[in-house]
Amino acid sequence: MSLPAGILADYIHLTDLMQNHGVNLHMPHSRAMGGGLFELRPKGKEGIGRVFYCTQIGQAIVILHSLVKKTNTTPAADLQLARK
């Protein structure tokens, strides 16, 4: 919940979509990162956010890590932290 207001609003919208329609959102809203890891791709006037998540049996959504991107690629350290 520490994302900037605009990105946070889009994140909340995306999580509402997942709750109503399931976790299988596709681009541009979500992307599979491999090994059961997914990323939500919220945007706002402050920039682009990434929220990494996975699912457990029964479709429980587990939020693992979030960040505001400052470059075109997701920082390797953030991706590694989410995978861990």
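Colleague: Which residues in α1 are buried?

Modeller: This is a predicted model, so keep that in mind throughout. In α1, the buried residues are I7, L8, Y11, L14, T15 and M18.

Colleague: How do they sit around the helix α1?

Modeller: Look down the axis of α1. The buried residues fall within an arc of 120°, so they line one face of the helix.

Colleague: Which exposed residues does the face turned away from the buried side carry?

Modeller: That face of α1 carries A5, N20 and H21, which are exposed.

Colleague: What is the extent of α1?

Modeller: Helix α1 covers residues 5-21, so count 17 residues. From first C-alpha to last, α1 reaches 24 Å. That is close to the 24 Å expected at 1.5 Å a residue. After α1 comes G22, with a positive phi near 95°.

Colleague: Which residues make up the largest nonpolar core?

Modeller: There are 11 residues in all: L3, I7, L8, Y11, L14, M18, V23, L25, L40, V51 and Y53. Two or more residues come from each of α1 and β4. The largest share, 5 residues, comes from α1.

Colleague: What does M18 touch?

Modeller: Leave aside residues up to four places away in sequence. M18 then touches V23, L25, L40, Y53 and I61.

Colleague: How many residues does the second core have?

Modeller: The second core is separate and has 6 residues. Among them are L37, L67, L79 and A82.

Colleague: Now the strands. In which sense do β1 and β2 pair?

Modeller: First, the general idea. In a regular strand, side chains alternate between the two faces of the sheet. Now the case here. Strand β1, residues 30-34, pairs with β2 in the antiparallel sense, over 4 bridges. Together β1 and β2 form a hairpin, with 2 residues between them. G35 in the turn has a positive phi of about 65°.

Colleague: How many bridges join β2 to β4?

Modeller: There are 3 bridges, and β2 and β4 run antiparallel. L40 has V51 as its bridge partner in β4.

Colleague: How many salt bridges does a search of the whole structure find?

Modeller: The general idea is charge. Side chains of opposite charge can pair when their charged atoms come close. In this structure, the search finds 3 salt bridges.

Colleague: Which residues are linked in a network of salt bridges?

Modeller: The network links R31, E39, R41 and R50. Start with E39 and R31, whose side chains meet at 3.1 Å, N to O. Next, R41 forms a salt bridge with E39, with the closest N and O atoms 2.7 Å apart. Last, E39 and R50 meet in a salt bridge at 3.5 Å, N to O. That pair links distant parts of the chain: E39 lies in strand β2 and R50 in strand β4, 11 residues apart.

Colleague: Why does E39 count as buried?

Modeller: Buried means under 20% relative accessible area. E39 has 0% relative accessibility, so E39 counts as buried. R50 is buried too, with a relative accessible area of 6%. R41 is also buried. R31 is partly exposed, at 36%.

Key: Residues are numbered from 1 along each chain as its sequence is written. This is a predicted model: local features need pLDDT of at least 70, side-chain atom pairs count only at pLDDT 80 or more; totals for chains, interfaces and linings use all residues. Side-chain values use heavy atoms; hydrogens and water are left out. The expected span of a helix is 1.5 Å times one less than its number of residues. Buried means under 20% relative accessible area, exposed over 50%, partly exposed in between (1.4 Å probe, protein chains only). The arc is that of the directions from the helix axis to the C-beta atoms. A salt bridge is a side-chain nitrogen of Lys or Arg within 4 Å of a carboxyl oxygen of Asp or Glu. A nonpolar core is a set of buried Ala, Val, Leu, Ile, Met, Phe, Trp, Tyr and Cys residues joined through side-chain atoms within 4.5 Å. Contact means heavy atoms within 4.5 Å. Two strands pair if DSSP finds at least two bridges between them.
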